[in-house]
Amino acid sequence: MIYNIRGFFCGLGDQLQWSWAPEILSNLGHKVRLYTGPDVHPLRNEGIKKLVYDCNPFIKGESEVEWNLGDLPGKNYVNHGLGFIGNWQKSLGFEPSGEMLPKIYYNPQKLPGKFVLLELSAIHHKYNPEMVKKTVKDMVGKGGVTVQQVISANQANVIKIPGIEEIFVNDLFELSDLIYSCGAFISLLSGSHSLAAAIRRMNPDLEQVCLIPEGDFDLVMDTQKFVYPDVKYLRESGLF
């Protein structure tokens with residue numbers, strides 16, 4: 001069978017949630033292509049395609065017709081208690097594979113030094129910036145550790161922490177190198193959070209913290225949407 005894969009929405013996390021599929025389906029004898037037709041939103045930037053799809057050796061070409069794998073209309077996500085990816089697999093009628101994390105096929109480069117990395121941007125506007133600033137400063141303000149905050153041209157609604165060194169990244173490959181190299185990664189519930197979960201396949205010692213908007217915390221944790229194992233999920237106030 002031929003599967004034409006794409007997430008409906010435009011962000012990095014929206015695509016990484018399907019990153020488990022091409023390898024599994026290819027190993028079962030199916031062909032997987034990237035769907036590029038009009039039934040989905042255009043990707044936020046070309047870098048998402050390069051990292052998630054172009055680097056994936058199990059995607060064989062592109063197709064503008066028959067989008068048949070992804071968050072299709074009528075294919076509703078249900079929490080079956082199998083983790084985010086396992087829930088999608090069962091909801092779509094696939095046998096749960098045991099996959100728990102997204103996957104990328106770029107091998108990040110190890111950078112020197114020990115540091116905590118912040119990436120505090122999100123597409124939606126639900127965060128309280130002052131609350132996020134206080135929580136992050138409480139976490140990293142004890143001294144004795146280098147802290148850097150990622151800044152890029154592709155961020156939306158970035159929350160900058162005063163006094164934290166900013167490091168500009170040109171693309172998702174540079175961001176992947178930084179996440180792979182840091183000791184701890186603190187983010188909002190965004191595409192970089194899913195990217196860090198994928199990179200933990202290669203760096204299992206990476207400590208990952210994700211802040212969730214106060215009003216969304218219970219729903220996110222109840223549904224397990226974009227929730228991955230071994231991530232410390234906190235309300236933006238810093239509470240569980």
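Me: Is Val-78 buried, partly exposed or exposed?
Reply: The model is a predicted one, and Val-78 is found in its loop between E3 and H4. Buried requires under 20% relative accessible area and exposed over 50%. Val-78 has 39% relative accessibility, so this residue counts as partly exposed.

Me: Is Glu-66 buried or exposed?
Reply: Glu-66 lies in the loop between strand E3 (62-63) and helix H4 (83-91). Its phi is positive, about 60°, although Glu-66 is not a glycine. The relative accessibility of Glu-66 is 55%, and the residue therefore counts as exposed.

Me: Phe-226 also calls for a backbone and accessibility check. Is Phe-226 buried or exposed?
Reply: Phe-226 is placed in the loop between helix H8 (217-223) and strand E9 (232-235). Although not a glycine, Phe-226 has a positive phi of about 60°. The limit for burial is under 20%; with a relative accessible area of 19%, Phe-226 is therefore buried.

Me: What is the relative accessible area of His-193?
Reply: His-193 is found in helix H7. Not counting residues up to four places away in sequence, His-193 touches Phe-185, Ser-187, Leu-188, Gln-208, Cys-210, Phe-226, Tyr-228, Val-231 and Tyr-233. The residue is buried, and its relative accessible area is 0%.

Me: How far apart are the C-alpha atoms of His-193 and Ser-63?
Reply: Along the chain, 130 residues separate His-193 from Ser-63. The C-alpha atoms of His-193 and Ser-63 are separated by 29 Å.

Me: How are H6 and H7 oriented to each other?
Reply: Helix H6 covers residues 172-181 and helix H7 residues 191-199, and their axes lie 10 Å apart. The crossing is right-handed. The helices pack at an angle of about 60°, and H6 and H7 are therefore oblique.

Me: How many charged residues has the contact of H6 with H7?
Reply: H6 contributes Leu-172, Leu-175, Ser-176, Ile-179 and Tyr-180, which meet Ser-192, Leu-195, Ala-196 and Ile-199 in H7. By class, this contact has seven nonpolar and two polar residues, and the number of charged residues is none.

Me: How many charged residues has the contact of H3 with H6?
Reply: Helix H3 (residues 46-54) packs against H6 at about 60°, with the axes 9 Å apart, and H3 is therefore oblique to H6. Gly-47, Ile-48, Lys-50 and Leu-51 in H3 meet Leu-172, Phe-173 and Ser-176 in H6. Beside four nonpolar and two polar residues, the number of charged residues in this contact is one.

Me: Which residues touch the most other members of the largest nonpolar core?
Reply: In soluble globular proteins, nonpolar side chains tend to be buried together. Here the largest nonpolar core has 69 residues. Ile-179 contacts Leu-117, Phe-185, Ser-192, Leu-195, Ala-196, Ile-199 and Leu-206, its neighbours within four places in sequence aside. The core members that touch the most others are Leu-118, Val-136, Ile-179 and Leu-195.

Terms used: Residues are numbered from 1 along each chain as its sequence is written. This is a predicted model: local features need pLDDT of at least 70, side-chain atom pairs count only at pLDDT 80 or more; totals for chains, interfaces and linings use all residues. Side-chain values use heavy atoms; hydrogens and water are left out. A nonpolar core is a set of buried Ala, Val, Leu, Ile, Met, Phe, Trp, Tyr and Cys residues joined through side-chain atoms within 4.5 Å. Buried means under 20% relative accessible area, exposed over 50%, partly exposed in between (1.4 Å probe, protein chains only). Contact means heavy atoms within 4.5 Å. Axes are lines fitted to C-alpha atoms, for helices over the stretch in contact, and angles run from 0 to 180 degrees between N-to-C directions. Helices (H or I, at least four residues) and strands (E, at least two) are DSSP runs, numbered from the N terminus. Angles under 35 degrees count as roughly parallel, over 145 as roughly antiparallel, 65 to 115 as roughly perpendicular and the rest as oblique. A crossing is left-handed if the near helix is turned anticlockwise from the far one by less than a right angle, and right-handed if clockwise. Ala, Val, Leu, Ile, Met, Phe, Trp, Tyr, Cys and Pro count as nonpolar, Asp, Glu, Lys and Arg as charged, and the others, Gly among them, as polar.
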